[in-house]
Amino acid sequence: LIASMQDDQVEGLALDQQDLPIWRELGDPQGETIALGNVGADWLWFGEFTQARQHLEAALKLSRMVGARQLECSPLCNLAQMALWQGDATRAREQARGALGVSVAVQAADFEASALYHLGEAELALGRHEAAAAAFERATTVARAIGHGVQYDAASGLARAALARDDVAGAIVFVEA
């Protein structure tokens, strides 16, 4: 966390990679799941999709194996982001929907907001502008209620959805807000 706050992603990855074998040695599958997800997210940040997918899918598999549903949310959101970056909006929508279902079931509003944002991004990429706007609006509402920063990303999504519908005036309203 400190490395990330210092914008030192290289050090963050190095520390996360050191963290993973410690959780394995301790025999703590939930800690291992989080560590796998962190390493996967680090690799995703660097655009190393093969490494990212390997770690994120391992985190998802382990979280499901041990019944830690709340730990499914982050890997699913990251897998949605990766699919979108790789041009597979359908897969991104599927992953985001999975994250949304789990986050609602476990009452994790922070992940619900993130999942809705990723769902909006996927819907927008698929040309489903109204569905994208609805997801971004829900993401904004949920995120604002808990003070989560994804509210700003979702607001920008609302502006982009408005532009995609040729609603320049509507987009400006979202940007100005």
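Leaving aside residues up to four places away in sequence, Ser 63 touches Thr 33, Ala 68, Leu 71 and Glu 72, where contact means heavy atoms within 4.5 Å. Ser 63 sits in helix H4, residues 49-65. With a relative accessibility of 0%, Ser 63 counts as buried. For that word and its relatives, buried means under 20% relative accessible area, exposed means over 50%, and partly exposed is in between, using a 1.4 Å probe and protein chains only.

Before going on, a word on the model and its numbering. This is a predicted model, in which local features need pLDDT of at least 70, side-chain atom pairs count only at pLDDT 80 or more, and totals for chains, interfaces and linings use all residues. Residues are numbered from 1 along each chain as its sequence is written, and side-chain values use heavy atoms, with hydrogens and water left out.

### The whole chain

Now step back. The protein chain has ten helices and zero strands, so its pattern along the sequence reads α-α-α-α-α-α-α-α-α-α, given that helices (H or I, at least four residues) and strands (E, at least two) are DSSP runs numbered from the N terminus. The C-alpha trace spans about 55 × 35 × 30 Å along its principal axes. For 177 residues, a compact globule would have a radius of gyration near 16 Å, and the chain's 17 Å agrees with that; the radius is taken over C-alpha atoms, and the globule rule is 2.2 Å times the number of residues to the power 0.38.

Of the 177 residues, 45% count as buried. The chain exposes about 9300 Å², and carbon and sulfur atoms supply 53% of that area; accessible areas come from the Shrake-Rupley method with a 1.4 Å probe, and for residues only the protein chains shown count as cover. Take the contacts between residues at least 6 apart in sequence: 48% of them join residues at least 24 apart.

### Salt bridges

How many salt bridges are there? The count comes to nine, with a salt bridge being a side-chain nitrogen of Lys or Arg within 4 Å of a carboxyl oxygen of Asp or Glu. Three of them are set out here.

| Pair | N to O distance |
|---|---|
| Arg 24 and Glu 32 | 2.8 Å |
| Arg 160 and Glu 121 | 2.3 Å |
| Arg 165 and Glu 130 | 3.4 Å |

Arg 160 lies in helix H9 and Glu 121 in helix H7 (residues 109-125), so this pair ties together parts that are 39 residues apart in sequence. Arg 160 is partly exposed at 32%, while Glu 121 is buried at 11%.

The bridge between Arg 165 and Glu 130 also links distant parts of the chain: Arg 165 is in the loop between H9 and H10, Glu 130 is in helix H8 (residues 129-146), and the two are 35 residues apart. Here Arg 165 is partly exposed at 30%, and Glu 130 is exposed at 55%.

As for the remaining pair in the table, Arg 24 is partly exposed at 45% relative accessibility, whereas Glu 32 is buried at 18%. There's a network too: salt bridges link Arg 93, Arg 97, Glu 123 and Arg 128.

### Aromatic rings

The structure holds four aromatic pairs. Rings of Phe, Tyr and Trp (its six-membered ring) pair if their centres lie within 6.5 Å; planes under 30 degrees apart count as stacked, over 60 as edge-to-face and the rest as tilted.

Trp 45 belongs to helix H3, residues 29-45, and Phe 46 is partly exposed, at 33%.

Most residues other than glycine have a negative phi. Asp 7 lies in the loop between helix H1 (2-5) and helix H2 (9-26), and is exposed at 60%. Asp 166 has a positive phi as well, about 60°. Asp 166 is in the loop between helix H9 (150-164) and helix H10 (168-176), and counts as exposed at 69%.
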